[in-house]
Amino acid sequence: MWLTTINHTFARALTPLQPLLLLVGRVYVAWIFFQSGLIKYQNWDSTLYLFEFEYQVPLLPWQLAAYLGTAAELILPVFVALGLLARPMTLALFVFNIVAVASYPLLWERGYDDHIMWGVILLVVSVWGPGWLNLDNWLARKQSGTD
C-alpha cells in the first residue's frame with residue numbers, strides 16, 4: 001500500500017510536466033536536425049561532395065539523396081517543433097535518422113549515441129503524442145469552436 005501511495009503521489013506531481021517535457025524534446029531534436037540542414041544548404045558544394053563520396057544512401061542516386069536529405073532536415077523539424085501533424089512528422093524524422101546512421105559509417109564511431117537519443121525522443125513523441133502544447137491541438141480546438 002505504501003508503494004502505491006508513493007507512486008500515485010509522484011504521478012500526480014509529475015504528470016502536469018509531461019506536455020512541457022514533450023515540447024522540450026520536440027524542439028530540441030528539431031533544432032538539431034534543422035541546424036544540420038542549414039549547414040548543408042549553406043555549404044552546398046561540400047554537401048554534394050559528401051553525398052557523392054562519403055554518404056552511402058541506399059537506393060537513391062547521390063544527387064537526389066542530397067536534395068531530399070537537405071529538404072528533410074529543413075522541413076520536417078519545423079513540423080516537429082510546432083507539433084503540426086506531430087506523429088507522422090516525428091515518425092518521418094525517426095526514419096530519416098535511421099537512414100542517416102545507416103548511410104554514414106563514420107557516425108557509428110562518433111555520433112551513434114546522439115542519434116540513438118534523438119531516435120528515442122522521436123519515438124516517444126510518435127507513440128505518446130506531442131502533448132497538448134502543439135499546433136495540432138490548437139487547430140483542433142479552433143475548428144471545434146472550443147477556443
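First, the conventions. The model is predicted, so local features need pLDDT of at least 70 and side-chain atom pairs count only at pLDDT 80 or more, while totals for chains, interfaces and linings use all residues. Residues are numbered from 1 along each chain as its sequence is written, and side-chain values use heavy atoms, with hydrogens and water left out.

Helices here are DSSP runs of H or I with at least four residues, numbered from the N terminus.

I start with helix H2, residues 18-42. H2 has 25 residues and reaches 36 Å from its first C-alpha to its last, close to the 36 Å expected at 1.5 Å a residue; the expected span is 1.5 Å times one less than the number of residues. Which residues of H2 are buried? They are Pro-19, Leu-22, Gly-25, Arg-26, Val-29, Ala-30, Phe-33, Gly-37 and Lys-40, where buried means under 20% relative accessible area with a 1.4 Å probe, protein chains only. An α-helix has 3.6 residues a turn, so residues three or four places apart point the same way. The buried residues of H2 pack against H3, H4, H5 and helix H7 (112-128), and contact means heavy atoms within 4.5 Å.

Now the helix pairs. Two packed helices are described by the angle between their axes and the distance between the axes. Axes are lines fitted to C-alpha atoms, for helices over the stretch in contact, and angles run from 0 to 180 degrees between N-to-C directions.

H2 and H4 pack at an angle of about 160 degrees, with axes 8 Å apart. That makes H2 roughly antiparallel to H4, the class for angles over 145 degrees. The crossing of H2 past H4 is left-handed, that is, the near helix is turned anticlockwise from the far one by less than a right angle. On the H2 side the contact includes Arg-26, Ala-30, Phe-33, Gly-37 and Lys-40; on the H4 side, Thr-70, Leu-74, Pro-77 and Ala-81 are among the residues. By class, this contact of H2 with H4 has 13 nonpolar, three polar and three charged residues. Ala, Val, Leu, Ile, Met, Phe, Trp, Tyr, Cys and Pro count as nonpolar, Asp, Glu, Lys and Arg as charged, and the others, Gly among them, as polar.

For H2 and H3 the angle is about 105 degrees and the axes are 5 Å apart. H2 is therefore roughly perpendicular to H3, a class that covers 65 to 115 degrees. Ile-39, Lys-40, Tyr-41 and Gln-42 of H2 meet Trp-44, Thr-47 and Phe-51 of H3.

The axes of H3 (residues 44-54) and H4 (residues 62-82) come within 9 Å and cross at roughly 125 degrees. H3 and H4 are therefore oblique to each other. From H3, Trp-44, Thr-47, Leu-48, Phe-51 and Glu-52 meet Trp-62, Ala-65, Ala-66, Tyr-67 and Thr-70 from H4. The residues of that contact divide into seven nonpolar, two polar and one charged.

Last, two residues of H5. Phe-94 lies in H5 and counts as buried at 18% relative accessibility. Not counting residues up to four places away in sequence, Phe-94 touches Gly-119, Leu-122 and Leu-123.

Definitions and conventions. Parallel < 35°, antiparallel > 145°, perpendicular 65-115°, else oblique. Buried < 20%, exposed > 50% of the residue type's maximum accessible area, 1.4 Å probe, protein only.
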